[in-house]
Amino acid sequence: MGQTRKEWLQTVTAQLRCRRAVPGVERELENHLSEQYNAFVAQGCAPEEAERRTVESMGDPVLAGGALASLALPSDTAARNASPPN
């Protein structure tokens with residue numbers, strides 16, 4: 001079997017530069033992974049098949065994490081960028 005949901009999630013969050021963003025991103029992605037997994041099970045997939053299909057449906061975790069990393073800025077950086085220069 002390929003990656004598990006947990007392994008996929010760990011790979012995604014390892015890409016985040018802003019460590020303060022990790023808990024929130026983890027919660028959101030865990031919820032999405034669980035919903036997707038449950039949907040596959042409801043469609044009649046065996047648990048192992050549902051796990052595999054869930055991870056596959058989420059795509060490459062390095063690319064997903066990289067995309068999220070570009071959005072997750074530390075609050076001090078965001079504040080500096082929002083303030084006009086003196």
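I'm looking at a predicted model, where local features need pLDDT of at least 70, side-chain atom pairs count only at pLDDT 80 or more, and totals for chains, interfaces and linings use all residues. Numbering runs from 1 along each chain as its sequence is written, and side-chain values use heavy atoms, leaving out hydrogens and water.

**Overall.** I looked up the fold and got five helices and zero strands; helices are DSSP runs (H or I, at least four residues), strands likewise (E, at least two), numbered from the N terminus. Of the 86 residues, 27% count as buried.

**H4, residues 61–71.** I checked which residues here are buried and found Pro61, Gly65 and Ala69. They span an arc of only 70 degrees around the axis, so they sit on the same side of H4; the arc is taken from the directions from the helix axis to the C-beta atoms. On the face turned away from that buried side I found exposed Leu63 and Leu71.

**H4 against H1.** The buried residues of H4 pack against H1 (5–14). I then listed contacts (heavy atoms within 4.5 Å): Trp8, Thr11 and Val12 in H1 meet Pro61, Val62, Ala64, Gly65 and Leu68 in H4.

**Geometry.** I get an angle of about 40 degrees between H1 and H4, with axes 7 Å apart. Axes are lines fitted to C-alpha atoms over the stretch in contact, with angles from 0 to 180 degrees between N-to-C directions.

Key
Buried < 20%, exposed > 50% of the residue type's maximum accessible area, 1.4 Å probe, protein only.
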